[in-house]
Amino acid sequence: MVTTLLSSAGVTVNGPGIADIQVKNKEFYKRVLRDGILGFGESYMDGWWEVKHLDDLCYKIISASLQDKVKTMNNYIHYLEAILLNTGKKSKAFEVGEKHYDLGNSLFQKMLDIRMAYSCGYWKDAQNLDDAQEAKFDLICRKLNIQPGMKVLDVGCGWGGFSKYAAEKYGAEVVGVTVSKEQVDYATTICKGLKVTIKLMDYRDLNSENKHDKEFLFDRVVSVGMFEHVGYKNYTTFMNTVNNLLKQDGLFLLHTIGSNTSVVTSDPWSNKYIFPNSHVPSIKQIGGAIEGIFVMEDWHNFSAYYDKTLMAWFDNFYKNWNLIKSGYDERFYRMWKFYLLSSAGSFRARNVQLWQIVLSKKGIPGGYLSIR
């Protein structure tokens, strides 16, 4: 059954191609049928199979929608948990910081660009990862028309790359919030001397801190690669929170991975090993959350650039593994490799998207000029 499914995607078991699986443990077949994508990823972590180009394999599998053809009990349990529980609730907000973003700044420094941007780069005119990430930051600033002295809120500020860029290059006063202690320490250090404040805080606490205080309303709000951690049950809460913090003539830019279909779960492997409690939104889910709260001014899809970004991250990770590995084991290496290259394959197959959405409160008089 597994061999036939893989064959339908152009993958030959123990074949000569760069995307052909080399099975080392025959229990692999039962494990995949029993556990689906969770078993597929875990069996790779355990060394049960190899492949020359993991990204090409995943591209073929996803293009053929094989992930939808193997439904397991784990899928249904994962689905029920997402329906019955609110995995994005406040009490769980810091879990993704502790389990993922706090893995060690050294790991991310060796993998990411010089500004530590952990989201899709803008490769339109860029020749390398550093240029692509700077271009992305500049694109955001231009889309938001940030002017000197403007107060900008960076929700999910990461390691402070955008906050630093907006303060240095555009003269903004920036408040950044994150759920990662490691990110707070790093961002505070690199933003020293600038009008940038970094806080360890769940986004929902921003309302209680600044609500109804016009002095602390923001001219611009930006959220890059954080919305995926909000959870579909909390999208409207997130939008209301931003709306309450934004001036009447302000703009909000949301940069997020997007799903082609409306689902309520992430895949079980990613949820267990990479991004706990996360969820990728669809156009319908985002639209429902902004309805009656914001006016959509611009919707920009540049998801093809995420494939290139992820391959650049993996190249850095692979080349620097000898400098990284003292803090991690071989199973972590295989887990991280599966994460980066399967994600690249998914974007290559256009199974997931990358959107930048510009929103206003009441609509821009005369219209918004789209910037690319």
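## Charges and ground rules

Let's start with the charges: the chain carries 45 positive and 40 negative ones, and their mean positions sit 2 Å apart. Here Lys and Arg count as positive, Asp and Glu as negative, with His and the chain ends not counted; each charge is placed at NZ of Lys, CZ of Arg, CG of Asp or CD of Glu.

This is a predicted model, where local features need pLDDT of at least 70 and side-chain atom pairs count only at pLDDT 80 or more, while totals for chains, interfaces and linings use all residues. Residues are numbered from 1 along each chain as its sequence is written, and side-chain values use heavy atoms, leaving out hydrogens and water.

## Overall build

The chain has 16 helices and nine strands, both taken as DSSP runs numbered from the N terminus (H or I, at least four residues, for helices; E, at least two, for strands). Its C-alpha trace spans about 65 × 40 × 35 Å along the principal axes. The radius of gyration is 21 Å, which agrees with the value near 21 Å for a compact globule of 372 residues; it is taken over C-alpha atoms, and the globule rule is 2.2 Å times the number of residues to the power 0.38.

Of the 372 residues, 56% are buried, where buried means under 20% relative accessible area, exposed over 50%, and partly exposed in between (1.4 Å probe, protein chains only). The accessible surface comes to about 16,500 Å², and 52% of that belongs to carbon and sulfur atoms (Shrake-Rupley method, 1.4 Å probe; for residues, only the protein chains shown count as cover). Among contacts with a separation of 6 or more, 72% join residues 24 or more positions apart; a contact means heavy atoms within 4.5 Å.

## Aromatic pairs

A search of the whole structure turns up 40 aromatic pairs. Rings of Phe, Tyr and Trp (its six-membered ring) pair if their centres lie within 6.5 Å, with planes under 30 degrees apart called stacked, over 60 edge-to-face and the rest tilted. Phe108 and Trp336 make an edge-to-face pair, 6.1 Å centre to centre with 70 degrees between the planes. That pair links distant parts of the chain, as Phe108 is in helix 6 (residues 105-111) and Trp336 in helix 16 (residues 330-348), 228 residues apart. Phe108 is buried at 0% relative accessible area, and Trp336 is buried at 0% too.

Tyr122 and Phe302 are edge-to-face because their planes are at 70 degrees, with ring centres 5.0 Å apart. Tyr122 lies in the loop between helix 6 and helix 7 (129-143), and Phe302 in the loop between strand 8 (295-301) and helix 14 (304-319), so this pair ties together parts 180 residues apart in sequence. Tyr122 is buried at 6%, as is Phe302 at 5%. One aromatic cluster includes Phe108, Trp336, Trp159 and Phe275.

Helix 8 (residues 161-170) is largely enclosed by the rest of the structure, because seven of its ten residues are buried. Among them are Phe162, Tyr165 and Tyr170. The buried residues pack against helix 7, strand 3 (151-155), strand 4 (173-178), helix 9 (181-190), strand 5 (196-200) and strand 6 (218-224). After helix 8 comes Gly171, with a positive phi near 70 degrees.

Ser270 sits in helix 12 (residues 268-273). Ser270 counts as buried, at 16% relative accessibility. Leaving aside residues up to four places away in sequence, Ser270 touches Phe275 and Pro276.
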